[in-house]
Amino acid sequence: MVREDGKRNFALRESDGEESSVFSGNTPRQAALKAARRLEPGSSEDGAERVELRLREKGTDKVHIYDGWAWEETAPDDKPDWMPGEITEANVSKKGIEHLDE
């Protein structure tokens, strides 16, 4: 279901089918990146643990599946005053789409 502002809602599904959080974005990847930022960050991108993220698009039976990972990085020199010195970066890689039978 597309909202008036063009964004769509995606529910993060646990392995038991429970939906714990909802992320919004114009694309499934944008929502997956938001979900990945909440993962436990590694010390570097190469050292970060890959976690499977399953996002069900609200109002449909589509489940978008991504591998997501997060890592700590030093903030840029031109950062705003409120930003901490260490920030969490994230990335995702799409694995595919499944359709629910429910």
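This passage describes the sheet of a predicted model and the setting of one of its residues, Arg13.

The sheet is open and consists of 5 strands in the order 2-1-3-4-5, with antiparallel pairing. Strand 2 (19–25) and strand 5 (86–99) form the edges, each of them pairing on one side only. From one strand to the next, the twist averages 35°. In general, the strands of a sheet pair through backbone hydrogen bonds, in either a parallel or an antiparallel manner.

Strand 1 and strand 2 are antiparallel and are paired over 6 bridges. Within this pair, Phe10 has Phe23 of strand 2 as its bridge partner. The two strands make up a hairpin in which 5 residues separate strand 1 from strand 2. The turn contains Gly17, whose phi is positive, at about 90°.

On the other pairings, strand 1 also pairs with strand 3, again in the antiparallel sense, over 4 bridges. Strand 3 (residues 51–57) is in turn joined by 6 bridges to strand 4 (residues 62–74), and these strands run antiparallel. Arg54 stands opposite Ile65 in strand 4, and Arg54 of strand 3 is also the bridge partner of Arg13.

Arg13 belongs to strand 1 (residues 8–13). Its relative accessibility is 13%, and because buried means under 20%, Arg13 counts as buried. The side chain of Arg13 is joined to that of Glu19 by a polar contact of 3.0 Å.

Helix 1 (residues 28–36) lies across strand 1, strand 2, strand 3, strand 4 and strand 5. Relative to strand 5, helix 1 runs at about 130°.

Notes: Residues numbered from 1 in each chain as written. Predicted model: local features only at pLDDT ≥ 70, side-chain atom pairs only at ≥ 80, totals over all residues. Heavy atoms only, no water. Buried < 20%, exposed > 50% of the residue type's maximum accessible area, 1.4 Å probe, protein only. Polar contact = N/O pair within 3.5 Å; in protein donor to acceptor, adjacent residues only side chain to side chain. Pairing = 2+ DSSP bridges. Axes fitted to C-alpha atoms, helices over the stretch in contact; angles between N-to-C directions. Contact = heavy atoms within 4.5 Å.
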